[in-house]
Amino acid sequence: MRILLFLFSICLSGKIYAQNQDFQDHVYDENIRTVLFYPVDGETHNVLAFPVIYLQKTEVLQLDFDELGDQYKNYNYKLIHCNHDWKQSILNDFEFLEDFNEYSITNYEISLNTRNSYVHYTLQVPKTKVSGNYVLKVYRNMNPNDVVLTRRFVVFDTKVSIQPDIKFSLDPAWRFAGQQVDFTINYGDYQIYNPKEMVKVVVRQNGRWDNALYTLQPMFLKDQERILDYHFFNNENMFPGLNEYRGFDLRSIRFRGQNVANVQFDNQKAEAFVIPDQSRNKRTMSQWIDLNGRFVIENYETQRGYVEADYVETHFSLELEDDPDGDVYIFGLLTDWEIRPENMMKKVDGKLQWKGKLKLKQGFYNYSYVVVKPHIKPTETLLEGSYSQTENMYDILVYFRPVGGRYDQVVGYSKVDYNKMR
């Protein structure tokens, strides 16, 4: 069915946007770069936080993105309300928004003193009236089919409480490599009937949707205590602990930052060469403070990274002892947690060496490597290893649809920094 929907997609300006596919975090235009989506509370910009906000709080979500070139474009955006599975709900716009559901992006700046010209756009998402999953869709010239990017976000309420209990895996085979996310949901006086059918839970690692757990059912129902117990014994709620993310510092191109071997620049372009990487699987784990696969934008020289940071051709190199027998990709928020052709490393003929490059805005970046083989889910553990001591951020979202309800509400949310080091 998804293939048929994809075939009926609308193709405009060289981009494909499938009208009825699952809504993903995706960029549909190669000139759109450096998309950041995060909460803002007054003057505080939480650029490393997930786009998840409390329904009753004053904070808002802010979207930043660049378009390469020096010409401002007319952009609009709208919000789409979704159920827990990211299918569009049946709510009409006025049931979840106060205003007409089409907004113009009027806040933009053209880059200054950069080798690559770009226009930096900023918008703040309007407040919503109900909780739930949402998709922010940005498009050109008031044409909802000419989509340039989509971003997921969540608005939650606090009708139930969540008590996380994260530990290393109880499975002996995963004891030193896995992390188990146990938890209970206390719904108190909130009226929940038949919770196995009416309550849906999603558990994420480091804000990622690509490896989230969607199908957990409570192991025990404690009716008298009004508790749903999600303690498991068969790895249903187990994540590979993975490894601390690799990182490099591009905040300056006048000197070499952390894990940058060399920087070259002239009046036309700047290039940076990340120190060659090796496999970290089956090696002793080293712990350090990372960004959990995310990145921040900054320019050391001017302190105005959003409009004065330059774009840098960033070269990656990976040297291995054994062939992974699959394609190797650069992975992280810098690639939207997606497997895309431009992120694939190319093998050097006759050598166990892979090279790749990405055009990145100045900042500090985390990344990892994944191996993709036919008919097998992409794996990070093959080159990165997996350790139960790794620091990871987990969050738990609880969805509920009451009897006669028309959409899935988000009635609870909890976030835990496991093995916290900062």
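This is a predicted model: local features need pLDDT of at least 70, side-chain atom pairs count only at pLDDT 80 or more; totals for chains, interfaces and linings use all residues.
Reader: Which residues line the second largest cavity?
Author: They are Leu242, Asn243, Glu244, Tyr245, Arg280, Ser368, Glu380 and Glu384. A cavity is a set of points on a 1 Å grid over the protein atoms alone where a 1.4 Å probe fits but cannot get out, and lining residues have an atom within 4 Å of a point.

Reader: How much space lies in the second largest cavity?
Author: About 40 Å³. The volume is the space filled by probe spheres set on the grid points, which are joined across faces, edges and corners.

Reader: And how many cavities does the search find in the whole structure?
Author: It finds 2 cavities of 30 Å³ or more. Among the lining residues are Ile53, Tyr54, Lys127, Thr128, Phe153 and Val155.

Reader: Which strands each supply at least two residues of that lining?
Author: β6 (52–54), β7 (60–68) and β13 do. Strands here are DSSP E runs of at least two residues and helices are H or I runs of at least four, numbered from the N terminus.

Reader: What does β13 pair with?
Author: β13 (residues 147–156) pairs with β12 in the antiparallel sense over 8 bridges; pairing takes at least two DSSP bridges between two strands. In that pairing, Val147 of β13 is the bridge partner of Tyr139. The two strands form a hairpin with 6 residues between them, and Asn141 in the turn has a positive phi of about 50°.

Reader: Is β12 mostly covered or open?
Author: Mostly covered: 9 of the 9 residues in β12 (132–140) are buried. Buried means under 20% relative accessible area, exposed over 50%, and partly exposed in between, with a 1.4 Å probe and protein chains only. β12 also pairs with β8 (75–82), antiparallel over 8 bridges, and Leu79 stands opposite Leu136 of β12.

Reader: Changing topic: where is Trp86 found?
Author: Trp86 is in the loop between β8 and α2 (93–96). Trp86 has a positive phi of about 65° although it is not a glycine. Most residues other than glycine have a negative phi.

Reader: Why does Trp86 count as buried?
Author: Because its relative accessibility is 1%.

Reader: And Asn267, buried or exposed?
Author: Exposed, with a relative accessible area of 70%. Asn267 is in the loop between β21 and β22 (270–274).

Reader: Last one: how many helices and strands does the chain have?
Author: 5 helices and 31 strands. Of the 422 residues, 55% count as buried.

Conventions. Residues are numbered from 1 along each chain as its sequence is written. Side-chain values use heavy atoms; hydrogens and water are left out. On a 1 Å grid over the protein atoms alone, a cavity is a set of points where a 1.4 Å probe fits but cannot get out, and a pocket is an open set with protein on both sides within 12 Å along at least five of seven lines; lining residues have an atom within 4 Å of a point.
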